[in-house]
Structures are given as C-alpha cells and as structure tokens.
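User: I would like to go through some terms used for this structure. Please set each value against its definition.

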Amino acid sequence: MNIVITEWNAPNGLEQLKQAGHHVHYDPGLWNRPELSEAVKTADALIVRNQTQVDAALIEAAPRLKVIGRLGAGLDNIDLDAAARRDIPVVTAGSANASSVAEYVIAAIFHTARRLGEAADSVRSGGWLRQQFTLHEIAGKTLGLIGVGEIGRRTGAKASALGMKVLGFDPRFEQNEDAADEAGIIPAGFNRVLAESDFISLHVPLLPSTRGLIGASALSQMKSSAVLINTSRGGVVDEEALAAVLSANKLAGAVLDVLSQEPPLKDHPLLALPSCTITPHIAGLTQESQEQISEIVSAGVISALSGQAG
C-alpha cells in the first residue's frame with residue numbers, strides 16, 4: 001500500500017514501513033507545497049508531524065486513506081471529526097517524548113536561574129562580573145504545573161528530586177492521584193499555582209478551553225520574579241499580553257518552545273525581549289525520542305493497514 005509522509009521522520013521508522021512491504025513516498029517538505037492534495041489521492045496512509053494541516057478538505061482529497069499517523073502527541077492539526085466520519089483511525093506515539101520534554105523544562109529552569117550562557121558571553125567579552133551573575137538556587141523554589149499528564153508528572157518528579165516544591169493543576173488530577181503523589185506533586189487550584197510558583201510550566205493540549213489560557217489575567221497573578229515555560233502549544237499563551245508584562249518587568253522571564261505561528265514573523269514583539277528565550281519547537285526532539293516515536297507510529301500504521309488489507 002502507498003504511505004505518504006509529509007514531514008521529517010526518523011530512518012528507523014521509514015525502514016520499518018518498507019520492510020513491511022509498503023511503498024513509501026517520503027517528502028519532508030511536502031506539507032508546505034500545493035502538491036500535497038495531489039499526493040494524497042493515492043495514499044492508503046498519511047504520516048505527519050505538527051505542520052501538516054490534515055483538515056476535512058485534505059481528507060476528502062484522499063479517497064483511499066485508511067489511517068493517519070501523527071509523529072508526536074498533539075492532534076490540533078488534524079480534523080478528528082472528519083477522520084471519524086470516514087472511520088479513519090489516528091495513530092500517535094502517546095508519551096514517547098515525555099522524558100525529552102521533561103528534561104527540556106528542567107534545562108529551562110536552570111537556564112533562567114543561573115544564566116550560564118550570558119555569564120560565558122560576558123567572560124568572552126573581557127568581563128569577570130561575579131556579582132552580576134550571583135543568582136539563585138532552584139532547591140526550595142516552587143514549580144507550578146498547568147497540566148499533570150505523563151509529561152507533567154515526569155517533570156514534577158525530576159523537579160522534586162532537585163529539591164523543588166511542585167504544585168500541579170489539572171481538572172483530571174484526581175484520576176492521577178497515586179502517580180502524582182509518587183512524583184511529589186501537590187494538587188492545587190489554578191489561581192494558587194499562578195500566585196505561588198517561581199516557575200510555571202504548561203502541559204495542556206490546545207483546545208477551545210485552553211486557547212489563551214495564560215492571558216493578561218493569569219499573568220497578572222504571577223510573581224514578578226516568576227518565569228513562564230511553554231512546551232505545549234503556542235496558542236495556550238496570549239503572546240501580546242506576555243510581551244507587555246515582560247516589557248514592563250512584571251515578569252522575570254519566559255522560555256517558549258512553541259508559538260502561535262511557527263516560525264514567527266521577524267517583527268514578533270517577543271523576539272526583541274532579552275528576558276524571553278524562544279527555541280524552535282525542539283523540547284521533544286531528541287534522537288532517542290524521535291526513534292521511539294517513529295517506531296511506535298510506523299507499527300501502528302502497519303497494523304491498521306494490515307487489518308484493512310482486503
């Protein structure tokens with residue numbers, strides 16, 4: 001069967017699909033070209049990351065489509081209702097990149113707490129400003145988690161091991177009480193997490209209920225010394241409101257791995273702010289996680305195609 005892959009995929013997954021006897025059309029840049037709708041006409045399976053917009057029109061253009069594979073966890077770029085109307089399953093890698101994202105969050109905390117890059121740049125420029133870089137320990141500080149799923153729990157466990165107090169808000173938290181307790185996470189309301197945390201890390205999907213969740217009101221409840229970390233989806237944060245509080249020094253900093261538009265326009269206001277660190281959606285991108293994700297999604301796609309081979 002024909003499998004169209006529109007974005008980067010790890011080599012092990014590609015080989016897995018070929019060894020299963022499928023024809024693989026692999027074009028990592030196809031997601032952004034008009035030929036996409038033509039390419040899916042003969043696709044039995046479509047494998048994407050987060051850039052390909054698998055909307056109702058694209059699904060309609062693929063009459064043979066039997067399964068959609070998503071190399072990652074978020075599903076906001078896939079029209080699930082349109083897929084369901086055609087009984088097309090969507091295969092994901094679940095929490096395969098959870099450790100990678102959790103480690104990124106811990107790295108972001110250290111990055112803002114110790115500013116090693118800035119200190120090193122200062123020395124290269126001839127400085128030796130020890131007092132300027134006398135900053136903070138993270139032990140004893142509070143990490144607030146907005147969203148306590150698998151990634152949130154792993155992040156909380158790592159932060160607890162470093163001596164941090166961890167607060168967690170999640171409407172489903174009661175269902176995860178045992179795992180949360182094991183990770184050292186204290187259940188807390190949304191407003192308490194905002195008010196008491198020194199670092200706030202976002203781990204929620206992009207839904208109508210979470211779009212703009214961290215806006216002017218939420219930001220006003222945070223400590224002026226706090227740092228916001230977002231590895232979930234850009235739309236969860238009101239970027240204009242964030243730029244305003246950072247510009248007014250009402251928030252110490254932000255580390256954003258995701259934005260509402262990726263890549264951002266050159267005049268995006270957050271790019272001009274030294275207190276805002278932006279990375280190119282790499283929190284879950286480690287060699288280990290990508291190989292695992294590719295393997296899981298490829299296996300799921302092969303299984304779905306096998307079940308409909310007739």
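User: What makes the approach between the side chain of Asp 79 and the backbone nitrogen of Asp 81 a polar contact?

Analyst: A polar atom of the Asp 79 side chain lies 3.2 Å from the backbone nitrogen of Asp 81. A polar contact is a pair of N or O atoms within 3.5 Å; within protein, one must be able to donate a hydrogen and the other to accept it, and residues adjacent in sequence count only if both atoms are side-chain atoms. The value of 3.2 Å is within the 3.5 Å limit. This is a predicted model, in which local features need pLDDT of at least 70 and side-chain atom pairs count only at pLDDT 80 or more, while totals for chains, interfaces and linings use all residues. Residues are numbered from 1 along each chain as its sequence is written, and side-chain values use heavy atoms, with hydrogens and water left out.

User: Why is Asp 79 called partly exposed?

Analyst: Its relative accessibility is 26%, so Asp 79 counts as partly exposed. Buried means under 20% relative accessible area, exposed over 50%, and partly exposed in between (1.4 Å probe, protein chains only).

User: Where is Asp 79 found, and which residues does Asp 79 contact beyond its neighbours within four places in sequence?

Analyst: Asp 79 is in the loop between strand 4 (67-70) and helix 4 (80-85). Helices (H or I, at least four residues) and strands (E, at least two) are DSSP runs, numbered from the N terminus. Leaving aside neighbours within four places, Asp 79 is in contact (heavy atoms within 4.5 Å) with Val 54, Asp 55, Ala 56 and Ile 59.

User: What makes a set of residues a nonpolar core?

Analyst: The residues must be buried Ala, Val, Leu, Ile, Met, Phe, Trp, Tyr or Cys, joined through side-chain atoms within 4.5 Å. The largest such core has 30 residues, and Ile 214, Leu 219, Leu 228, Leu 242 and Leu 251 touch the most other members. Helix 11 gives the most to this core, with 5 residues. Beyond four places in sequence, Leu 219 touches residues including Ile 214, Leu 228 and Leu 242. A second, separate core of 22 residues includes Ile 109 and Ala 283.

User: Why are strand 2 and strand 5 called edge strands?

Analyst: The open sheet has 5 strands in the order 2-1-3-4-5, with parallel pairing. Two strands pair if DSSP finds at least two bridges between them. Strand 2 (23-26) and strand 5 (90-92) each pair on one side only.

User: How do you know that strand 1 and strand 3 pair?

Analyst: Strand 1 (residues 2-5) and strand 3 (residues 45-48) share 3 bridges in the parallel sense, which meets the requirement of at least two. Val 4 stands opposite Leu 46 in strand 3.
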